[in-house]
Amino acid sequence: MKKLLHVSFLVLFFLSGCAVKKNITTSETYVITIKNKQIALSDTGFINQGQDYTNVQIFSAGSVLFNLEMMGNSICLDGRCMDKLSFNQQFFQEEHYVGLMEEIIAKQPIFEGKNLHQTSHGFEQELDFPHSHIIYKIEDSNLSFRDTKQGILIRLKPLQ
């Protein structure tokens, strides 16, 4: 009987998993395009959000091609975690500022709303820096972030 109890406990332990499960409050489906010097992907994906947590996943044929998790002070890309400024340097080729990627995914103005122009269905920003030229547009539920100097593109289009 004791042996059966021990085996049952071990089986339950392994089936329950060791990772802390994130509480997701919203999940939206998009056609997500992400392009920089390291990657170029465009496929169906999800943006899952919870308290102090955002997850962007791109799938193809049922397999996860891109998994970006933003939580607290770190960003994890395909399981490799780093602080947000290091992520920015790797992804955007520029440190910019800590909350840039979260603001983009949340469709909020970036760089404290600098050069923000309201449009009838959203807003746009055009920002010029020594190593970046950013064109950022939100129109209804569509998002486009483009850095023409660095060759970076992030596009979100809701799946109908």
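Predicted model: local features only at pLDDT ≥ 70, side-chain atom pairs only at ≥ 80, totals over all residues.
Leaving aside its neighbours within four places in sequence, which residues is Asn-48 in contact with?

The protein has 160 residues, of which 34% are buried. Its secondary structure consists of 3 helices and 11 strands. Along the sequence, the order is α-β-β-β-β-β-β-α-α-β-β-β-β-β. If we take the contacts between residues at least 6 apart in sequence, 30% of them join residues at least 24 apart.

Let me return to Asn-48. This residue lies in strand E2, which spans residues 40–50. Beyond the neighbours within four places in sequence, Asn-48 is in contact with Ile-24, Thr-26, Ser-27, Tyr-53, Thr-54, Asn-55 and Gln-57. With Ser-27 there is also a polar contact, side chain to side chain, at 2.5 Å. Is Asn-48 buried or exposed? Its relative accessible area is 13%, so Asn-48 counts as buried, the cut-off being under 20%.

My last topic is the cysteines. The model contains 1 disulfide. The pair is Cys-76 and Cys-81, whose sulfur atoms are 1.9 Å apart. As a reminder, such a link is a covalent bond between the sulfur atoms of two cysteines. The angle about the S-S bond is 100°, and the link of Cys-76 and Cys-81 is right-handed. Cys-76 has a relative accessibility of 4% and is therefore classed as buried.

Key. Residues numbered from 1 in each chain as written. Heavy atoms only, no water. Helix = DSSP H or I, 4+ residues; strand = E, 2+ residues; numbered from the N terminus. Buried < 20%, exposed > 50% of the residue type's maximum accessible area, 1.4 Å probe, protein only. Contact = heavy atoms within 4.5 Å. Disulfide = S-S within 2.5 Å. Polar contact = N/O pair within 3.5 Å; in protein donor to acceptor, adjacent residues only side chain to side chain.
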